[in-house]
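Please look at the sequence and the structure before reading on.

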Amino acid sequence: MKPSPCLWLLPLLLMISNGLQADPARIVYHLHQLKPVTLKRALNNIENLYKGLDGERPEIRMLLQGESLELLTRERLKGAYRQRLAALLQKGLVLETGEANYRRLHDRLDPAFPARLNRNILSRLVDLQKQGYQYVTP
Amino acid sequence: MHDPKDNPEVSDELLNSFVDRQLTSEERQEILHRLKRDRALSERVCELQHLKEMTRLAYDDIPPSRLPRRPIEEPGGWPRMIAAALIFGLGLLFGMSGLPQWGSAEDRAAAPGASRDRISTKVLVHLSSADRQSALNTLGNLEQMLADYRQRGEPVRVEVIANGGGVKLLGPDTPAIAERIAALSAEYDNLSFAACRNTIEQLQLTEGLHIRLIPQVRLIDSGVVEVIRRQKEGWAYIRG
Amino acid sequence: MFKNRFRHKKLTRELCANRHRFYKLAYSWTGDPMLADDLVQEAMQKALHSFDSLKDDSKLNAWTCRILMNCHRDWLRRRKDTVDFDDYEFAAEGDPLAQVSADDTSAMVRHCIARLSDKHRDVITLVDLMEFSYEEVSQALEIPIGTVMSRLCRARRQLKQLIAAASAQEPAARVTPLRSVN
């Protein structure tokens, strides 16, 4: 008995539909040091990611661990870097940090750049990778 | 008496909308401009943001749901079974097996505790820098993460792999780090340390260094190979 | 037939992906993990079998929240019928007086949220736990967006006061709130 051609079309249709509904590119960008080059490199990297992954609806999160959270203080975040980071937030970039770290610096942080708080930043990094986020550092 | 913190021009409703990202782009820009020069407004926004985050965080460590992710089985039927069989066949044909499987049952590592293959969360911490303070910070954060998983009742396995400059920190010559590693290893049997043999031999050749390792650290052939292999096997990766 | 099947599959996937958020929401109302699981299970079963009545797929989450709220209200009414209401306290979690301590910020905040009125607690949890837009909150609660905004303002103001008061109080002085049935 000749199999119906429809049977062969079915997996193709399912695969196409899965492709159309493909998950967006998910990236977690991890910072944990406060070297002078850190913010510049991070901004360059993330802008390039948005540019290069434009068709994939990227979801990018910047996790600021430890001293790197100082990058979001009013005294450090100024001028062109501030504007570039603001533009990235408009594109959907999410900033995250640890709760204890936030408490340490909260009165110096620029409120225009709110960060999602996490009980433990490393656990969060692990959880995000379990959700399919790819891990990138500068 | 008028509270100097209150700015009659920017209502609470507008600030809540700003914090909840419910404003248009132009409205948002207007508030951002004002925040730059109005300290009182800045404080109000900070308070709201903090309150919002405290609310969200308050439910981060509630008792977990005990139900499976999918509440019911999707309806079956012959078209789905045939489609599934055909896709499986096509997958084998075109080799779709390159994707890492989270929580893979195949764990070929000879690390201590390798019998704990059923642990679904596995974390690789990569130490490649000789910066002592950075390493101590990493160990501190690691301890907090392990405590966090223990409190959640979730099994986790963590391996710290050192190559490059990182191997210089795993000997008795850096007592602060050595003590920390010894204490952590005693407290957490799901934590292990490994150093790259290739790096150690290379340092001996190029810098004349004789690297000694503390007892808690085992030798592996190649740190970078292990880093790549583990990620392919589904380990989460953290750069220390 | 296939179009409907794909739509159902897509909606099911989206619903399951948000399951943990519905659970947190239900937990914020009940303080009881098993009850929260039961409510979410019931709501999701109802939602999965009623996709044909969902006119706009973009409103899936708000629509499901509505179902979950109704399940909770039905449970509260059934509970009232079978339990001597005066003897039953809807605790924020287990025994909040035993669990809340000066250092336990999370439990304290949950306790304060439980003390909010239903209307205030609903808007805060939909915005902060479900991460709903104001539009989605408006759909879920069937109230105008302006009402969502004003209610949220008052809710956060009240929550801030409750947290400040709770932080200053001794643990023994904190009172377990009594949840009423409308």
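How many residues does the contact take from chain A and from chain B? In this predicted model, 27 residues of chain A and 33 residues of chain B take part.

**The side of chain A that touches chain B**

Four elements of chain A each supply at least two residues of this side: the helices α1 (5-20), α3 (79-91) and α5 (121-130), and the strand β4 (116-118). The largest share, six residues, comes from α5(A). Sorted by class, the side of chain A that touches chain B holds 14 nonpolar, nine polar and four charged residues.

**The sheet of chain A**

Chain A also contains an open sheet of five strands, paired in parallel and ordered β4-β3-β2-β1-β5. Its edge strands, β4 and β5 (134-136), each pair on one side only. From one strand to the next, the twist averages 25°.

Between β1 (residues 26-31) and β5 of chain A, the parallel pairing extends over three bridges. Here Y29(A) is placed opposite V136(A) of β5(A). The helix α5(A) lies across β1, β2 (59-64), β3 (94-98), β4 and β5 of chain A, and runs at about 160° to β2(A).

**The contact between chains C and B**

Chain B is also touched by chain C: 31 residues of chain C are in contact with 26 residues of chain B. The elements of chain C that each supply at least two residues to its side include α1 (2-17), α2 (19-30) and α9 (145-168). Seven residues, the largest share, come from α9(C). The side of chain C that touches chain B comprises 16 nonpolar, eight polar and seven charged residues.

Technical notes
Residues numbered from 1 in each chain as written. Chains lettered and ligands numbered in written order. Predicted model: local features only at pLDDT ≥ 70, side-chain atom pairs only at ≥ 80, totals over all residues. Contact = placed C-beta atoms within 7 Å. Nonpolar A, V, L, I, M, F, W, Y, C, P; charged D, E, K, R; others polar. Pairing = 2+ DSSP bridges. Axes fitted to C-alpha atoms, helices over the stretch in contact; angles between N-to-C directions.
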